[in-house]
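Good morning, colleagues. I would ask you to look at the model on the screen while I describe its strand pairing, its salt bridges and its surface charge.

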Amino acid sequence: MKPVLIPKNKNQRKKILKKTLAILSAMVLLLLLAAYTVNRQGATWPEIILQEVVAPVQGAFQRLTYAVEEMLAAIKHYQELLAENAELRSRLSRAVALEARLTELRKENERLRRMLGLRETSEYELIAAEVIARDPNNWFSTVTINKGSRHGVKQWMAVITTDGLIGSVLSVSPSTAQVQLLTDTRRSVSAVVQRSRETGAVGTVESDPQSPGYLRMMKLPRDANILPGDTVVSSGLGGVFPKGLLIGSVLAVEEDEQGLTSYAPLQPAANFNRLEEVFVVVPGAVTEPESKEEPPQEGDVS
């Protein structure tokens with residue numbers, strides 16, 4: 001066993017003794033502090049001062065922490081709301097588009113049913129067609145349909161909708177045809193009041209210059225048996241328009257400026273503002289039409 005070496009130097013012994021005493025003192029102080037802390041009921045004045053200084057700072061930091069957390073949560077919630085809002089807008093847009101499409105399909109289905117019913121009950125052969133073009137500058141003059149000579153369409157054939165007469169074929173190409181409407185100022189048709197059908201009470205239906213899109217029945221005798229609400233149909237005179245095609249209803253009966261004849265503004269049976277599906281009437285024979293001017297040659301543009 002090695003002997004413990006004790007420093008012979010007096011200074012070294014003092015240093016070692018001081019370190020040892022310092023360590024022992026620290027240990028004793030910690031033990032006393034622990035024992036005192038366990039048994040004491042209140043804080044010491046240094047602790048109180050420390051709490052008074054530190055507490056407001058801690059409170060401020062805690063409030064700042066809560067504010068930051070709330071702000072971050074609000075930002076996250078805002079982003080979620082934006083995403084949800086965009087999704088709802090997209091879904092709403094799709095729903096509106098779908099509803100519009102369904103409404104259009106329902107209306108188209110209704111029109112097609114009416115067209116089928118008319119086709120099955122009509123005494124005439126009918127060629128179904130769709131309006132594919134309309135001149136905005138001559139809205140009430142002509143329309144173009146998607147059936148032509150190779151479908152059996154010929155010039156001067158009458159054209160109707162499920163509601164009533166709208167005009168006649170003006171010109172024909174192999175796959176399309178131009179239809180001159182009754183609301184064209186150059187077009188007219190012989191007509192009769194369906195209720196009375198009096199001999200000599202045949203008038204001429206033409207465009208009403210005072211009301212675009214409307215018609216009027218002209219050249220009626222002053223004593224003609226015609227009343228507001230009466231139904232007006234084609235008379236069959238002139239050959240181009242078959243007899244009995246619905247034209248419109250009487251709105252009023254008035255005398256002309258000279259007082260020699262009467263005229264009657266009409267509510268058209270067909271809506272000339274909205275023409276989509278039409279029928280071309282195939283009669284037994286096609287003849288020249290009634291018109292206020294010389295009939296245009298095939299291919300002329302009115």
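Two strands are said to pair if DSSP finds at least two bridges between them. Please bear in mind that this is a predicted model.

In that sense, strand β1, residues 125-134, pairs with strand β2, residues 142-145, in an antiparallel manner over three bridges. Within β2, I145 is the bridge partner of V131. Strand β2 is also joined by four bridges to strand β5, residues 177-181, and these two run antiparallel. There, V143 has V179 of β5 as its bridge partner.

I turn to the salt bridges, of which the whole structure contains five. In one of them, the side chains of R186 and D184 meet at 2.6 Å, N to O. R186 counts as partly exposed because its relative accessibility is 22%, whereas D184, at 2%, is buried.

Another salt bridge joins R195 and D230, with the closest N and O atoms 2.8 Å apart. R195 lies in the loop between β6 and β7 and D230 in the loop between β8 and β9, so this pair ties together parts that are 35 residues apart in sequence. R195 is partly exposed at 43%, while D230 is buried at 7%.

R222 and E255 form a further salt bridge, their closest N and O atoms being 3.4 Å apart. This pair links the loop between β8 and β9, which holds R222, to strand β11, which holds E255, 33 residues away.

Finally, K10, R13, K14, K15, K18 and K19 gather in a surface patch of positive charge. K10 is found in helix α1, residues 10-39, and counts as exposed because its relative accessibility is 54%.

Key:
Residues are numbered from 1 along each chain as its sequence is written. This is a predicted model: local features need pLDDT of at least 70, side-chain atom pairs count only at pLDDT 80 or more; totals for chains, interfaces and linings use all residues. Side-chain values use heavy atoms; hydrogens and water are left out. Patches are made of residues with over 30% relative accessible area and no salt bridge: like charges are joined within 9 Å, nonpolar side chains (Val, Leu, Ile, Met, Phe, Trp, Tyr) within 5 Å. Accessible areas come from the Shrake-Rupley method with a 1.4 Å probe; for residues, only the protein chains shown count as cover. A salt bridge is a side-chain nitrogen of Lys or Arg within 4 Å of a carboxyl oxygen of Asp or Glu. Lys and Arg count as positive and Asp and Glu as negative; His and the chain ends are not counted. The place of a charge is taken as NZ of Lys, CZ of Arg, CG of Asp or CD of Glu. Buried means under 20% relative accessible area, exposed over 50%, partly exposed in between (1.4 Å probe, protein chains only).
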